[in-house]
Amino acid sequence: MIRQISLFILIFACGQVSKAQDPVFSQFYAAPLQLNPAFAGTTLAPRVTANYRSQWLNWAGGAAYSTYAVSYEQSVEGLNSGFGFTVMGDDAGQGIYQSTRASAIYGYQVKMREDIAIKFGLELGMIQTTLDWDRLIFVDQLDPINGRTDPGGNPYESAEIRPDNLNKVVADVAVGALIYGGPVYFGISAKHLNSPDQSFLEINQNLSAGLPVRLTIQGGAEFPLKGGNKRWSPSFISPNLLFIKQGDFGQVTGGAYVGMGNLFWGGWYRHSFANGDAAIALVGLKQGVFRFGYSFDMTLSGLSSARGGTGGSHEISLTINFDDSKALQRKRKRSRYNDCFKMFH
């Protein structure tokens, strides 16, 4: 009971002052538009991605946080452009606090040389936030002897004032840029430039109620391990580094992705500004235009020693990349500046 109440209070507090960190997928390569809008159109053919993350299964009788996303993107070579659309939902406390984000994305590519390009991205969207007030438990609803309910089984009333609006919709703006050439890429993005206000309560105007800007810096390289043939795809290793800062929260993730034929795997270590956060293990299978990945986050922070632990986090991803159809494989090989993005394909 105490664990449930603590979780609900944490979720509610984050919803009021909007200082929580955005959900971030451990399989960031399988959710490129969630990472940086400049990734729109980095494949020659359409790409569809679907992601699901279940976090902290041992808290409050189930997943404390569930996050899911679906994205579509396509390049238009004649316009040096890419277009995308993405929807992401985040469920905290098994439906107590929910947010849904829908965005349209545009990316424009500028070739500096034959094998070097810069891509700029713009994202415009909306965020809908809802709060199930009736499922919150406040301190004045807890009796030292009886708990949440009186001897007759009736819940105690709370003196907390119910907000007038428990469903809020706000606009959201993000920008990003990528530079890539040969085996190396580097990117930077800034989300929530307009600091959208997701709070449900009227607060002191001197306090910032807006969602803090999320700064993301990512970079990586790709090195071949073994050449491919008509029956087997080439093997490669791709070390990557991801830095994210939002308000007072921040994290650094470092590791490597290995692709070997139809199989791929990888490992990362994520460190928050205050402490070690998680060790991440990945395994997956690629077949034709389909790619399926599974990863597990093992909690390394102090939460791992709490009663029952967190249970870690499970994540699955499905990518449908029509770039991998046989008709387009030869064309993709000629696009040398895309070679460093095999991990994202």
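Author: Let us begin with contacts along the chain of this predicted model. Among the contacts with a separation of 6 or more, 60% are between residues 24 or more positions apart.

Reader: Which helices and strands does the chain have, and how much of the chain is buried?

Author: The chain has three helices and 15 strands. Of its 345 residues, 48% count as buried. The chain exposes about 16600 Å², and carbon and sulfur atoms supply 62% of that area.

Reader: How is a pair of aromatic rings described?

Author: Two quantities are used: the distance of the ring centres and the angle of the planes. This structure holds nine aromatic pairs. In one of them, the centres of the rings of Tyr 29 and Tyr 257 are 5.1 Å apart and the planes stand at 65°; planes over 60 degrees apart count as edge-to-face, so this pair is edge-to-face.

Reader: Where in the chain do Tyr 29 and Tyr 257 lie?

Author: Tyr 29 is in the loop between α1 (2–17) and α2 (32–35), whereas Tyr 257 is in strand β11 (residues 249–260). The two are 228 residues apart, and the pair thus links distant parts of the chain.

Reader: Are Tyr 29 and Tyr 257 buried or exposed?

Author: The cut-off for buried is under 20% relative accessible area. Tyr 29 has 0% and is therefore buried; Tyr 257 has 3% and is buried.

Reader: What kind of pair do Phe 236 and Tyr 257 form?

Author: Their ring centres are 6.0 Å apart and their planes are at 20°, so the pair is stacked. Phe 236 belongs to strand β10 (residues 235–246), 21 residues from Tyr 257 in strand β11. Phe 236 also counts as buried, at 9% relative accessibility.

Reader: Which residues do ring pairs link into a cluster?

Author: The cluster consists of Phe 28, Tyr 29, Phe 236, Tyr 257, Phe 264 and Trp 268. Over the ring of Phe 264 sits the charged end of Arg 291, 5.7 Å from the ring centre.

Reader: Which backbone atoms does the side chain of Glu 315 approach?

Author: Glu 315 lies in strand β15 (residues 313–321) and is buried, with a relative accessible area of 1%. A polar atom of its side chain lies 3.0 Å from the backbone nitrogen of Ser 26, and the side chain of Glu 315 reaches the backbone nitrogen of Gln 27 at 2.7 Å. Leaving aside neighbours within four places in sequence, the residues in contact with Glu 315 include Phe 25, Tyr 52, Arg 53 and Gly 293.

Conventions: Residues numbered from 1 in each chain as written. Predicted model: local features only at pLDDT ≥ 70, side-chain atom pairs only at ≥ 80, totals over all residues. Heavy atoms only, no water. Helix = DSSP H or I, 4+ residues; strand = E, 2+ residues; numbered from the N terminus. Buried < 20%, exposed > 50% of the residue type's maximum accessible area, 1.4 Å probe, protein only. Contact = heavy atoms within 4.5 Å. Areas by Shrake-Rupley, 256 points an atom, 1.4 Å probe, with all protein chains shown as cover. Phe/Tyr/Trp six-rings, centres within 6.5 Å; stacked < 30°, edge-to-face > 60°. Lys NZ or Arg CZ within 6 Å of the ring centre and 35° of its normal. Polar contact = N/O pair within 3.5 Å; in protein donor to acceptor, adjacent residues only side chain to side chain.
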